[in-house]
Amino acid sequence: MTKEKKISEIQQELKAAEDSMLPDFIAVYSEDPRVGVCKAVEQARKRLLRLEQERARIENLKQYERRYEAYEYICGIDEAGRGPLAGPVVAGAVILPKDCGILYINDSKKLSAAKREELYDVIMEQAVAVGVGMAGPGRIDEINILQATYEAMRQAITNLKVKPDILLNDAVTIPDVDIPQVPIIKGDAKSISIGAASIIAKVTRDRLMVEYDRLMPEYGFASNKGYGSAAHIEAIKRVGPSPIHRASFIGGFIEAD
């Protein structure tokens with residue numbers, strides 16, 4: 001009899017339940033008339049509905065992967081850090097398994113930092129291959145941010161343990177690459193592979209900027225990640241640029257010699 005179990009115990013059971021356990025939870029407790037249990041069952045139903053909606057969203061996010069399913073290794077490519085005043089531009093390349101079941105992948109900008117970190121670990125564990133490339137501030141100043149982004153993307157592809165058969169890129173066509181490419185506008189929100197690459201690139205870069213913050217705390221890199229916040233710009237004016245600032249990006253904030 002379910003009434004033998006306290007409502008608080010049932011609530012804890014729901015809290016601890018994995019997604020796969022929700023249908024059984026609902027079946028066991030749906031006939032219990034106690035108000036507290038009814039609320040718990042309703043919570044479980046809502047959670048199950050959200051889960052089904054997320055699975056449907058992820059299936060829609062595989063539209064490009066299905067379109068090019070004749071290719072064995074489909075690789076998503078994206079970058080993080082084209083706009084900041086400091087730090088590298090980082091590119092991610094991810095080949096997911098054909099039967100990928102990872103939920104909640106999305107454009108990294110639409111995810112919380114905690115969710116990105118969580119998904120980073122899942123992607124690294126389940127992906128067929130992951131590659132990362134980057135171009136530092138000096139290289140960005142030397143060849144410009146667009147060319148540096150292409151360079152980082154080529155590095156990411158090279159660093160994959162298997163060679164892709166086709167590339168799904170977020171908006172760009174990468175020069176000097178001998179692999180078929182499909183540029184997709186806002187691809188990180190339309191392709192699960194590109195979304196995964198955006199998470200890898202973003203988390204990799206964010207972690208690096210946190211490390212730079214420990215070395216140079218005056219710029220607030222841990223919070224601004226090198227982007228031009230008011231406090232960051234004020235720090236550049238007050239302290240001067242650091243070794244990781246992009247000279248070609250900060251000319252308007254520092255006085256010429």
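How are α1 and α2 oriented to each other? In this predicted model, the two helices are roughly antiparallel to each other.

## Packing of α1 against α2

Helix α1 covers residues 7-16 and helix α2 covers residues 22-29; they pack at an angle of about 160°, and their axes are 10 Å apart. Angles over 145 degrees count as roughly antiparallel, and α1 and α2 are therefore placed in that class. The crossing in which α1 passes α2 is left-handed.

On the α1 side, the contact is made by Ile10, Glu13 and Leu14, while α2 contributes Leu22, Phe25 and Tyr29. Sorted by class, this contact of α1 with α2 has 5 nonpolar residues, 1 charged residue and no polar ones.

## Packing of α1 against α3

Helix α1 also packs with helix α3, which spans residues 35-60. Here the angle is about 10° and the axes are 9 Å apart. Angles under 35 degrees count as roughly parallel, and α1 and α3 are therefore roughly parallel to each other.

From α1, the residues that take part are Ile7, Ile10, Gln11 and Leu14. They meet Gly36, Val37, Ala40, Gln43, Ala44 and Arg47 in α3. The contact of α1 with α3 divides into 6 nonpolar, 3 polar and 1 charged residues. Ile10 and Leu14 of α1 take part in the contact with α2 and also in the contact with α3.

Helix α7 consists of 14 residues, 145-158.

The buried residues of α7 are Ile145, Ala148, Thr149, Tyr150, Glu151, Ala152, Met153, Ala156 and Ile157.

## The loop residue Ala189

Ala189 is located in the loop between β5 (181-184) and α8 (192-215). With a relative accessible area of 27%, Ala189 is partly exposed, because that class lies between the 20% limit for buried and the 50% limit for exposed residues.

Leaving aside residues up to four places away in sequence, Ala189 touches Leu61, Asn106, Asp107 and Lys110. Arg139 is 50 residues from Ala189 along the chain, and the C-alpha atoms of these two residues are separated by 29 Å.

Note on methods. Residues are numbered from 1 along each chain as its sequence is written. This is a predicted model: local features need pLDDT of at least 70, side-chain atom pairs count only at pLDDT 80 or more; totals for chains, interfaces and linings use all residues. Side-chain values use heavy atoms; hydrogens and water are left out. Axes are lines fitted to C-alpha atoms, for helices over the stretch in contact, and angles run from 0 to 180 degrees between N-to-C directions. Helices (H or I, at least four residues) and strands (E, at least two) are DSSP runs, numbered from the N terminus. Angles under 35 degrees count as roughly parallel, over 145 as roughly antiparallel, 65 to 115 as roughly perpendicular and the rest as oblique. A crossing is left-handed if the near helix is turned anticlockwise from the far one by less than a right angle, and right-handed if clockwise. Contact means heavy atoms within 4.5 Å. Ala, Val, Leu, Ile, Met, Phe, Trp, Tyr, Cys and Pro count as nonpolar, Asp, Glu, Lys and Arg as charged, and the others, Gly among them, as polar. The expected span of a helix is 1.5 Å times one less than its number of residues. Buried means under 20% relative accessible area, exposed over 50%, partly exposed in between (1.4 Å probe, protein chains only).
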